[in-house]
Amino acid sequence: MDNDKKSTFDPKEHQHMRYNPLRDSWVLVSAHRMKRPWKGQVEKPSEDNIPRHDPNNPLCPGSTRANGEVNPEYDSTFVFENDFPALQPDAPDPGSDHHPLFQTKAARGVCKVMCFHPWSDITLPLMQPGEIRKVIDKWVELIEELGPTYPWVQIFENKGAMMGCSNPHPHCQVWASSFLPNEPALADRTQRAFLQEHGEPMLVQYARKEAQVQERVVVENEDWLIVVPYWATWPFQTLLLPRRHVLRLTDLTGKERDSLASIMKRLLTKYDNLFEISFPYSMGWHGAPTGTHLTEDMSHWQLHAHYYPPLLRSATVRKFMVGYEMLAQEQRDLTPEQALLTFVDVPMRK
Ligand SMILES: O=C1CCN([C@@H]2O[C@H](COP(=O)(O)O)[C@@H](O)[C@H]2O)C(=O)N1
């Protein structure tokens, strides 16, 4: 290799790989690729003329849903059973005598839809902290309700049509399952291994170190820290972490729920200001498993939330996880530190 190839390594210029300890996988970081010309798909900007109330929208107060039920005139959060559930509480067992290459397992659960607010033309960052606090309280209630029966309760929000959201009314979904899905099962394994090897929970140590180096911190407060994780895959991916060791949303104090509402509003406002649009993302909470695990030692777990936004360099150009990402490994075009600088430069316009 000739001399200039031996110049000192600069992560902002030179390709390299970063290890994601939660998923036990490597991400290829090719920082210089942001400069490539783009002649590919251009997303249409998110519609911004959503009416505050649409009697034909089945998520609105007073509307009729697909199953014929009429929603109450709710004035805060509202939860209902998904009329098209991916999981139902009772289904016949597929049996267990299967060839190793043709295995089937039973899957049961409950799917709920949770509206954040009665208005369709509002999003979490535009809600008052007290209204966001009510969303958090409802999340806690649902885990308390479903947790004893199901080992996993997945709270997730698909925001924006770009993320496959089928309804513009502000909402999230809660799917409780009789099994530990792949992603939490992987996070359970990696966090357990880390605690055994290092003597403290992975994400407790990670939050402490990120708070020290201050190279990827997007927003922080007394109880919470949000970073573009060192191993981020999506361009503006963020990881929301408590500063203290806490297993589940149900373990949060009232003060921590208030500070969570506040920091969520700050993060989501920054997201909206990044490209001056209502920022699309898929997000979800990962806390210690529930069900029979409620009586086990799950101290290797740390509660955290993942935000996975698709946009790459503008309101209309997204990152595609296809080709190399599907066939080889995850790859990103700008470093997490460069993504953070874009966040930091954005004034808090809203
Ligand atoms: O009448 C309806 C409309 C939509 N839904 C449900 O609302 C959910 C909307 O969530 P998404 O926008 O994330 O797809 C979707 O899963 C859909 O099944 C009902 O349960 N009843």
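**Domains, Pockets and Helix Contacts**

User: Where is Q214 found?

Analyst: The model is a predicted one. Within it, Q214 belongs to a loop that has β7 (217-220) on one side and α3 on the other. The place asked for is therefore, with elements numbered from the N terminus, the loop between α3 and β7.

User: What is phi of Q214 near?

Analyst: Most residues other than glycine have a negative phi. Q214 is not glycine, and its phi is positive. The value for Q214 is near 55 degrees.

User: In which loop does D24 lie, and what is its phi near?

Analyst: D24 sits in the loop between β1 (16-20) and β2 (25-29). D24 is a residue other than glycine with a positive phi. That phi is near 50 degrees.

User: Into which domains is the chain divided, and what distance separates their centres?

Analyst: Domain 1 covers 63-94 + 101-177, and domain 2 covers 181-345. The contact takes 30 residues from domain 1 and 36 residues from domain 2. Taken over C-alpha atoms, the centres of domain 1 and domain 2 are separated by 21 Å.

User: Which element supplies the largest share of the lining of the second largest pocket?

Analyst: At least two residues of this lining come from each of β5 (152-159), β6 (171-177), α2, β10 (281-286) and β11 (304-308). By class, the lining has 13 nonpolar, nine polar and three charged residues. The largest share is four residues, and it comes from β10.

User: How many cavities of 30 Å³ or more does a search of the whole structure find, and what volume has the largest cavity?

Analyst: Rolling a probe the size of a water molecule over the atoms shows where empty space is left. The search of the whole structure finds two cavities of 30 Å³ or more. For the largest cavity, the volume is about 120 Å³.

User: Which element gives the most to the lining of the largest cavity?

Analyst: Of the 13 residues that line the largest cavity, I143, V153, H286, G287 and A288 are the closest to its centre. Domain 1 and domain 2 each give at least three residues to this lining, and by class the lining has nine nonpolar, three polar and one charged residues. The one that gives the most, with three residues, is β5.

User: Which elements each supply at least two residues of the lining of the second largest cavity?

Analyst: The second largest cavity holds about 90 Å³ of space. Its lining includes N20, R23, E183, W231, H286 and Y308. By class, this lining has five nonpolar, five polar and two charged residues. At least two residues each come from α2 and β11.

User: Are α2 and α3 roughly parallel or roughly perpendicular to each other?

Analyst: Helix α2 (residues 182-198) and helix α3 (residues 202-213) pack with their axes 8 Å apart, at an angle of about 75 degrees. Their contact is made by T190, Q191 and F194 of α2 together with M202, L203 and Q205 of α3; by class, it has three nonpolar, three polar and no charged residues. Angles of 65 to 115 degrees count as roughly perpendicular. The relation of α2 to α3 is therefore roughly perpendicular.

User: Which residues of α4 and α6 meet?

Analyst: Helix α4 (residues 254-274) and helix α6 (residues 336-345) pack at about 95 degrees, with their axes 9 Å apart, and α4 and α6 are therefore roughly perpendicular to each other. By class, their contact has four nonpolar, one polar and one charged residues. From α4 come K270, Y271 and L274, which meet in α6 the residues T342, F343 and V344.

Terms used
Residues are numbered from 1 along each chain as its sequence is written. This is a predicted model: local features need pLDDT of at least 70, side-chain atom pairs count only at pLDDT 80 or more; totals for chains, interfaces and linings use all residues. Side-chain values use heavy atoms; hydrogens and water are left out. Axes are lines fitted to C-alpha atoms, for helices over the stretch in contact, and angles run from 0 to 180 degrees between N-to-C directions. Angles under 35 degrees count as roughly parallel, over 145 as roughly antiparallel, 65 to 115 as roughly perpendicular and the rest as oblique. Contact means heavy atoms within 4.5 Å. Ala, Val, Leu, Ile, Met, Phe, Trp, Tyr, Cys and Pro count as nonpolar, Asp, Glu, Lys and Arg as charged, and the others, Gly among them, as polar. On a 1 Å grid over the protein atoms alone, a cavity is a set of points where a 1.4 Å probe fits but cannot get out, and a pocket is an open set with protein on both sides within 12 Å along at least five of seven lines; lining residues have an atom within 4 Å of a point. Grid points are joined across faces, edges and corners, and a volume is the space filled by probe spheres set on the points. Domain bounds come from an automatic or database domain assignment.
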